[in-house]
Amino acid sequence: MTKQVNVAIVGHGHLGKWHAQKANALESANLIAIVEPFNKEEVNKLYPQLKVVDNINQIMDEIDAAVVVTPTSTHYEIVKELLENKKHVFCEKPLCSTMEQVNNLKPLLGDGVLQVGHSERCHEAWEILGDRFKSLAGKKILKIDRFAPFKGRATDVDVVQDLMIHDIDLMLFILKMRPVKVEAIGHKVRTDNWDHVTANFTFADGSVAYITSGRNHVKEVRALEIMSESGCDYVDLFENKIYEATSSQYEDGTFVKEWNYEKRDHLLIEQENFYNSILNQVHPMVDFEDGAKAVYLVAKVLEALDSEKSLDLNYEK
C-alpha cells in the first residue's frame, strides 16, 4: 500500500478550494480535515466524509502536515503554530507579511518540510529552456510583465505583494543570483494601495531585471523576456508559447523559432512535490530560504516606492 501523508487544508476560499481538490485526489495524501470557520456548511456538502473545523488545533493530533491557504496576514501565526507542533507545512505565497515574522520562524524549522507556494516555477518552459539559460553569455537583461484589467480581488494588499512576488521569485530562480540594488516607480489608481508598479533590479555582474505588475491594465499579459549576447528568449506565460532568436539563422531560413509548451496543473505539481519531500526525505521545490528572499525583496520594492530612492540590498538584515 502506498504511504500517505495525513494532511489538513487550512482555508477554503478562492484558492483553498482548488488545493482541497488536489489533496483529495492525490494517492500520496490522506485528506483528514478542512479548517474553514466561515463557510462550513458549504464545505461539509462538498466533503461530507471529512472533518470541517474552525481551528487547526482541533485536528492537530491527527495530521502530519497542513496546506495553508489563508490571507497573508494570517500566515505567520498559523505556520508558527504548525511548526511548534512539529508538522510539515506548505504555505501559499508569500510565506509571511514581514521579514521580522520570517526571522521568527527560522528557529522553529527543525527537520520537517516547509514549502512555499511559488507556483510559477512549475511551467514546463523552464525545463525546456534550462540548458539554454545556463549557457547565456554576458550580461542579461530580464523583463517580466504581469498585468490585467481590474478584477476587484485582493485590493486589501498592494500589487507587489499580490502579483509581483510571483516574478521576483522567477527572477531569482532563472538568473540564479540575487540583485544588489532596486528602484521602483508606481501608481495608485483603483485603490489606496499600489496598483501598478515597475521595479528595476541591478546585479553585481551588471545584469538588470525589469519587473512590471499591474491590476488596472487594458489587457492581460504574462510574459518573460531575457536578452543576452546569445540572443533573445521570450516566453508567453498566458498562451504557453516560447519564442527564440539566437545569433544564427535556423535551418528553415527563419530568424525566430516558435513552439508551444504543455499547460500544467501547477497546484497539483506543488502538492505532489510537497508529499514526496515528506515521504522520501527530498528537498522541496521552493524552500524556506526561497520564500524568505521573496518576502525581503517585496519589502525593499515597497520601501523604494515610498522613499523614491534607489536602495542597496543587504540580505543579512
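This note sets out numbered points on the structure shown above.

1. Basis of the model. The model is predicted: local features require pLDDT of at least 70 and side-chain atom pairs count only at pLDDT 80 or more, while totals for chains, interfaces and linings use all residues. Residues are numbered from 1 along each chain as its sequence is written, and side-chain values use heavy atoms, with hydrogens and water left out.

2. The sheet. An open sheet of mixed pairing is formed by 9 strands, in the order β14-β13-β12-β11-β7-β10-β9-β8-β15. Strands are DSSP runs of E with at least two residues, helices are runs of H or I with at least four, and both are numbered from the N terminus; two strands pair if DSSP finds at least two bridges between them. At the edges stand β14 (257-260) and β15, each of which pairs on one side only. The pairing of β8 with β9 (residues 196-202) is antiparallel and runs over 7 bridges. Within β9, V197 stands opposite G186.

3. Helices on the sheet. Helix α7 packs on the sheet and touches β7, β9, β10 and β11, where contact means heavy atoms within 4.5 Å. The direction of α7 makes about 155° with that of β10. Helix α9 also packs on the sheet, touching β8, β9 and β15, and its direction makes about 60° with that of β8. Axes are lines fitted to C-alpha atoms, for helices over the stretch in contact, and angles run from 0 to 180 degrees between N-to-C directions.

4. Nonpolar cores. A nonpolar core is a set of buried Ala, Val, Leu, Ile, Met, Phe, Trp, Tyr and Cys residues joined through side-chain atoms within 4.5 Å. Buried means under 20% relative accessible area, exposed over 50%, and partly exposed in between (1.4 Å probe, protein chains only). The largest core has 73 residues, of which I56, L95, I168, M171, F201 and V301 touch the most other members. Helix α9 (residues 288-307) supplies the largest share of this core, 11 residues. Residues up to four places away in sequence aside, I168 touches F201, I211, A294, L297, V298 and V301. Another core, of 21 residues, lies apart from it and includes A29, Y47, V52 and V69.

5. The structure holds 20 salt bridges, each a side-chain nitrogen of Lys or Arg within 4 Å of a carboxyl oxygen of Asp or Glu. One of them joins D233 to R132, with the closest N and O atoms 2.9 Å apart. D233 belongs to strand β12 (residues 231-236) and R132 to helix α6 (residues 130-134), 101 residues apart in the chain. Both D233 and R132 are buried.

6. Salt bridges with exposed members. K151 and E220 form a salt bridge whose closest N and O atoms are 3.5 Å apart. K151 lies in the loop between β7 and α7, and E220 in the loop between β10 and β11, so the pair ties together parts 69 residues apart in sequence. K151 is exposed at 56% relative accessible area, whereas E220 is partly exposed at 25%. In the salt bridge of K181 with D312, the closest N and O atoms are 2.5 Å apart. Because K181 lies in β8 and D312 in β15, this pair ties together parts 131 residues apart in sequence. K181 is partly exposed, with a relative accessible area of 31%, while D312 counts as exposed at 55%.
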